[in-house]
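Here are my notes on this model, as numbered points. Please read them with the coordinates open.

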Amino acid sequence: MVESIIPIVREASGLMVRSGFDVMEKGSSVNLVTSSDLAVQHFLVDRLSALIPGCGFICEEEDLDDESKEYTWIIDPIDGTANYARGISDCCISVALAKGGEVISGVVYSPWRNELYSADKGCGAYLNGKRLQVSSRPFSDAIFCTAMSTYRKEFAKACSDIIFDVYMRSNDVRRFGSAAIELCLLAAGHMELYFEMRLQPWDYAAASLILSEAGGVSCGFDGKPMSLHEPSMTIAANRESSLLELLRVVHKYVPELPY
């Protein structure tokens, strides 16, 4: 299916113009939407509807949420909007296709990084056509990608405690500002651990399939797969033992899911 999705996503990226877009706030100055987000989403909904007539959509912008169909597209028109609005290249289009509540295809395209990640379930994950495989590095040599819960700053203290704990027992910490890109970098073997306190399905739906198909693992707070219908904690790693260790650290500072 990704072979049908990829040209549509590439075409949509032409709407991510470098200048001349409007920036609006969605409730606060840290939660932004641009006219490019809306243009990309409208384009994708129109073109992807034609691929699977009668499909549903779960999208970030304009409260488009219809999960009642057998096939559902899960779309983030621009993941990393704050980066995009400031001219930082770490932003991307993320498109996932779910069937019966399970993601079966995913495409993440970062045009200014010139990186197109893709996966069909059971067929492996690819970056610009080259097969991906997670790294074999242990927890002690891991690069940890994470964030401080930008939209819910009341969770920042717990996040900082987790970051410090992992940092002291791993290699180093990174932050790129796009969950989809970060999970794909894990899939490509550039890092080994990932944690975000609270993400939406469109942030991780496509990238989590790409990670899984590259040999990585991910889960929510309870150790089960992240929800496709509501916000979720997102924990990921290159291998099961590191995932379980990271989950133990998270539970040490967050004994109950705080939302």
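1. An open sheet of five strands runs in the order 11-10-12-14-13, and its pairing is mixed. Two strands count as paired if DSSP finds at least two bridges between them. Strand 11 (172–174) and strand 13 (217–219) are the edge strands, each pairing on one side only. On average, neighbouring strands are turned by 15 degrees against each other, direction ignored. Axes are lines fitted to C-alpha atoms, for helices over the stretch in contact; angles run from 0 to 180 degrees between N-to-C directions.

2. The model is predicted: local features need pLDDT of at least 70, side-chain atom pairs count only at pLDDT 80 or more, and totals for chains, interfaces and linings use all residues. Residues are numbered from 1 along each chain as its sequence is written, and side-chain values use heavy atoms, leaving out hydrogens and water. Helices (H or I, at least four residues) and strands (E, at least two) are DSSP runs, numbered from the N terminus.

3. Strand 12 (residues 193–199) pairs with strand 14 (residues 232–237) in the antiparallel sense, over five bridges. Glu-196 stands opposite Thr-234 in strand 14.

4. Which strands does helix 4 touch? Helix 4 (residues 156–169) packs on the sheet against strand 10 (143–146), strand 11 and strand 12. Its direction makes about 175 degrees with that of strand 12. Helix 6 also packs on the sheet, touching strand 12, strand 13 and strand 14. The direction of helix 6 makes about 25 degrees with that of strand 14. Contact means heavy atoms within 4.5 Å.

5. Helix 6 (residues 201–213) has 13 residues and reaches 18 Å from first C-alpha to last, close to the 18 Å expected. That expected span is 1.5 Å times one less than the number of residues. A kink of about 30 degrees is centred on Ala-207. The bend is the angle between axes fitted to the seven residues ending there and the seven starting there. Gly-215 follows helix 6, with a positive phi near 100 degrees.

6. Why is helix 6 largely enclosed? 12 of its 13 residues are buried. Among them are Trp-202, Tyr-204, Leu-209 and Glu-213. Buried means under 20% relative accessible area (1.4 Å probe, protein chains only).

7. Ile-52 lies in the loop between helix 2 (35–51) and strand 3 (56–59). Ile-52 is buried, at 14% relative accessible area. Beyond its neighbours within four places in sequence, Ile-52 contacts Met-1, Tyr-71, Trp-73 and Leu-97. Ile-52 and Trp-73 are 21 residues apart in sequence and 9.6 Å apart in space, C-alpha to C-alpha.

Conventions. Buried means under 20% relative accessible area, exposed over 50%, partly exposed in between (1.4 Å probe, protein chains only).
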